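Trainee: Could we go through this protein together, one question at a time? I would like to learn how to read it.

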Amino acid sequence: MADADSSSNPLLADFDFPPFDRVEPAHVRPGIRALLACLEGKLEELEKGVEPAWECLVHPLERIVGRLDILWNVVDHIKAVKDSPDLRTAVEDVQVVSSSVKLPVICMDEAADLLAHHQMLSLYFFFLHELSSNMVHR
């Protein structure tokens with residue numbers, strides 16, 4: 001069984017093109033859980049040093065959320081083309097209990113003040129925290 005480090009889990013490795021051929025059901029649980037833990041840490045670090053500048057807040061947020069989106073799309077694609085009972089179980093184990101959780105839309109211009117940035121960051125932090133807390137654990 002694959003562990004959560006990137007040397008053995010293709011979901012956690014850096015890639016230009018998703019390694020669809022190497023992803024197995026055993027990679028899903030540790031991959032999603034490790035990524036959520038990593039992203040939550042990145043959000044905490046970003047919140048500690050948040051600066052009221054678009055490139056210092058929104059771009060890092062987009063990278064954080066984008067990585068989760070990419071990883072989940074890889075898992076979702078594999079489930080669509082290589083579905084199996086093991087894969088369905090793995091996906092269900094890390095599925096968000098409430099599918100109504102949505103990312104807030106970033107609708108602020110570069111002149112927004114620090115409070116607006118902090119509020120948006122708090123929404124993203126809350127989203128990631130809820131995502132990792134509300135996973136179905138079996």
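Mentor: Let us begin with a definition: buried means under 20% relative accessible area, exposed over 50%, and partly exposed in between, with a 1.4 Å probe and protein chains only. This is a predicted model, where local features need pLDDT of at least 70, side-chain atom pairs count only at pLDDT 80 or more, and totals for chains, interfaces and linings use all residues. Residues are numbered from 1 along each chain as its sequence is written, and side-chain values use heavy atoms, with hydrogens and water left out.

Trainee: Is Ile70 buried, partly exposed or exposed?
Mentor: Ile70 sits in helix α2. Its C-alpha is 8.7 Å from that of Pro18, although 52 residues separate Ile70 and Pro18 in sequence. With a relative accessibility of 42%, Ile70 counts as partly exposed.

Trainee: And Leu68, is it buried or exposed?
Mentor: Leu68 also has its place in helix α2. Leu68 and Leu35 are 33 residues apart in sequence, yet 7.2 Å apart in space, C-alpha to C-alpha. The relative accessible area of Leu68 is 12%, so Leu68 is buried.

Trainee: What pattern does the protein follow along the sequence?
Mentor: Helices (H or I, at least four residues) and strands (E, at least two) are DSSP runs, numbered from the N terminus. The protein has four helices and zero strands. Read along the sequence, the pattern is α-α-α-α.

Trainee: What percentage of the contacts between residues at least 6 apart in sequence join residues at least 24 apart?
Mentor: Contact means heavy atoms within 4.5 Å. Among contacts between residues at least 6 apart in sequence, the share that joins residues at least 24 apart is 70%.

Trainee: Are α1 and α2 roughly parallel or roughly antiparallel?
Mentor: Axes are lines fitted to C-alpha atoms, for helices over the stretch in contact, and angles run from 0 to 180 degrees between N-to-C directions. Angles under 35 degrees count as roughly parallel, over 145 as roughly antiparallel, 65 to 115 as roughly perpendicular and the rest as oblique. For α1 and α2 the angle is about 175 degrees, with the axes 11 Å apart. The two helices α1 and α2 are therefore roughly antiparallel.

Trainee: How many nonpolar residues does the contact of α1 with α2 have?
Mentor: Leu35, Leu39 and Leu43 of α1 are among the residues that make this contact, and Leu61, Leu68 and Trp72 are among those of α2. Ala, Val, Leu, Ile, Met, Phe, Trp, Tyr, Cys and Pro count as nonpolar, Asp, Glu, Lys and Arg as charged, and the others, Gly among them, as polar. The contact of α1 with α2 has one polar residue, two charged residues and, for the class you asked about, 16 nonpolar.

Trainee: Are α1 and α3 roughly parallel or roughly antiparallel?
Mentor: Helix α1 covers residues 25–48, and its axis lies 8 Å from that of α3 at an angle of about 10 degrees. This makes α1 and α3 roughly parallel.

Trainee: Which residues of α2 meet α3?
Mentor: Helix α2 (residues 54–81) and helix α3 (residues 85–94) pack at about 150 degrees, with axes 10 Å apart. They are therefore roughly antiparallel to each other. On the α3 side are Leu87, Arg88, Val91 and Val94, and on the α2 side Trp72, Val75, Ile78 and Lys79.

Trainee: Is the pair of Phe17 and Phe20 stacked or edge-to-face?
Mentor: Rings of Phe, Tyr and Trp (its six-membered ring) pair if their centres lie within 6.5 Å; planes under 30 degrees apart count as stacked, over 60 as edge-to-face and the rest as tilted. A search of the whole structure finds one aromatic pair. The ring centres of Phe17 and Phe20 are 5.7 Å apart and the planes stand at 80 degrees, so the pair is edge-to-face.
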